[in-house]
Amino acid sequence: MAAASPAHRTGNGTTDADTSKQIGSDDYSLSRVPRDKRLGFWTMLLQWLAQSGSISQFTLGATIGVGMTFGDAFLAFTLGAVILEIVIFAIGLAGMREGLATPMLTRWAGFGRNGSALVSFVIAVSLVGWFGVQNTIFGNSVSELVGGPSWLWCVCAGVAITALVIFGFRYMAAFAKVVAPLFFLMVAWSVVTTLNDHSLSDLIHSPPPGETIPLAVAATAIAGGYMTGAIVSPEMTRYNRKGSHVFLQSASSMILSEYIVGLTGVLLGHLVKSSEVSHIVLSTSGVFGVIVVLMSTAKINDWNLYGSSLGVVNFFQVVFGKRLHRGVVTVALGIAGTVLSAVGIMTHFTEFLTILGVAIPPIGGIVVAEYWIVKRMRAPLDATREAETLPATSPTWVPMALVIWAAAFCVGKFYDGGIPALNSLLTAFLLYCVIGKLGWIKPYGTSALDDEDGAAVPAARTTTPVGAA
C-alpha cells in the first residue's frame, strides 16, 4: 500500500500535516461526524448519565421539597422532565441524523450562514460564561470544605477541565465512564445511610417545612434551568448511531436526574427541613466523597466549555473567514474563563447570563420548526447526508427567523406567566411554523463553502456506513 501523501485528508476534514501541528482534537467542528466514528449505546448512555450526577440537583430537589409536598414535587419534576425530553429529542434527533452540532445545524435549519454566526456567538458567550460561574462555585465550595484560597481551586479546576476538553468528545466520554458509576454509588451509600433510621413513609407524607412553592415556579426552576443544555444537545447526539438511542439515553438521564436524584433531594429537604443537604453526602462519604463530587462537577462543566468552543469555531469561520482549530479555541476559552472565575468577576455576570438563557431556547424552537415542519431549507442536508459531506451552499440570511427570534425573546423576558424559557421556545416554534407555512420564510442570498470551509468537508465516503446491510 502506498504511503499517504502529506496532504492526506483525515476524518476531521484536516490534513495529516495539519493535525500534527494542532493541539488536541478538532472533533468535526465544521463537518459531519462520520457514521463509523459514532459511539456505541453504553458509551453514550454513560455520557448522558454523567450529566445527571450533580450535587446541585440534590440541592434543587431539597429546595423544592422545603416548599412542596412529595406528591406536588413529583408533579413538578414530571412536568419539567417531559418538557425537557420533548425538546431534547426533537432537536437531538436532528443532530444525530445530520451528525452536526447546533451552530452548524442552524446554517440549514432556520438561520442561514450569517444568522448561524449570531447563534454561535450567543451560545458561546452563554456557555463559557456559565463555565466561569460554575468554576467559581466549585472553587468556593472546595475552599470551604478543605481550606486554601478559592482562586487556587478555581485555577486547578479550570486547568483540569480545559485539558480534558482539548482532546475532545472521546476523552470526555472515557471520563464519564469513571465518574458516573462512582458518583451514583457514593450518593446511594450516603442517602441510604442517612435515611436508614427514618421512616420513608413519614417523609413522603410529611407537609412541606417551609413557605409553599407554586407548581409553576417549581417547574420553571426544573425545566428552565436545563433548557440551554437541551438546545445544544446535538453537540452530544451527533455521536449517536440511532434515533432510538437518542431517546432512550436522554430519557434515562431525565429519569435519573429528575425522579431519582431530584426526588431524593425532596426527601432530604423534608428530613433536614432545609435546602442545605450537600453536607449529608459529603459528611457520610469522607475524602472519597469529596473527590467524587469534584470529579462529577468537572464532568458537567466540561460541556459548557466544549459547546462554547464549537460555537466560536463556527463564528470565526463565518465572520472572519478563518478556520480555527477547536483545540486551540478551547485553550483560549479555558484560560479566559478560569482567570475570570479566579478573580471573582464571573459572579457579577449571572444576571446577564440568565437573560441569555431566555435568548437561547427560541433557537431550538426555530431549528425544530424548520427541520421537522417547514422544511424550506433542509433539502441540501437530505441530498448530502448519505455521502456524509456538507452541502456546497447555504442560505446567507433568513431575516424573518431573526425577527421571530427577537419576538420570542421578548415574550420569554417580559411575559410573567408560565416558564420563561418554555414561553420563548414555544413562541418561536409556533411563529416559525405559521409564517413558514404561509410562505413568508424566505432565505436571501446563497453562500458557497469557501476554501476554509472546504478544508472542513471530508470527501464523499466509499465505505459502508455503520449499520448498513
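Predicted model: local features only at pLDDT ≥ 70, side-chain atom pairs only at ≥ 80, totals over all residues.
Colleague: What is the relative accessible area of L310?
Modeller: Residues are numbered from 1 along each chain as its sequence is written, and side-chain values use heavy atoms, with hydrogens and water left out. L310 lies in helix α14, residues 278-320 (helices, H or I, have at least four residues and strands, E, at least two; both are DSSP runs numbered from the N terminus). L310 is buried (under 20% relative accessible area; exposed is over 50%, partly exposed in between, with a 1.4 Å probe and protein chains only), and its own value is 2%.

Colleague: Which residues does L310 contact, leaving aside its neighbours within four places in sequence?
Modeller: Contact just means heavy atoms within 4.5 Å. With those neighbours set aside, the partners of L310 are S29, A101, P103, E235, R238 and R326.

Colleague: How far apart in space are L310 and L324?
Modeller: Along the sequence, 14 residues separate L310 and L324. Going C-alpha to C-alpha, the distance between them is 10.0 Å.

Colleague: Which residue just after α15 takes a positive phi?
Modeller: Step off the end of α15 and look at the backbone there. Phi is about 80 degrees at G344.

Colleague: What is the phi of Y28, which is not a glycine?
Modeller: Y28 sits in the loop between α1 (16-20) and α2 (41-50). Y28 is buried too, at 8% relative accessible area. Its phi is positive, at about 55 degrees.

Colleague: And where is E388 placed?
Modeller: E388 is another residue other than glycine with a positive phi, near 60 degrees. E388 counts as buried at 5% relative accessibility. Its place is in the loop between α18 (379-384) and β1 (393-397).

Colleague: Which residues touch the most other members of the largest nonpolar core?
Modeller: A nonpolar core is a set of buried Ala, Val, Leu, Ile, Met, Phe, Trp, Tyr and Cys residues joined through side-chain atoms within 4.5 Å. Beyond residues up to four places away, the neighbours of F169 include L39, M44, W303 and Y306. Of the 82 residues in the largest core, the two touching the most others are F169 and Y432.

Colleague: How much of the chain counts as buried?
Modeller: The chain has 21 helices and 2 strands. Residues 24 or more positions apart make up 86% of the contacts with a separation of 6 or more. Out of 469 residues, the buried share is 54%.

Colleague: What is the mean pLDDT of the chain?
Modeller: In the chain, 89% of residues reach 70 or more. Watch residues 1-20, where pLDDT is below 50, and residues 451-469, also below 50. Over the chain, the mean is 85.

Definitions and conventions:
pLDDT = per-residue confidence, 0-100.
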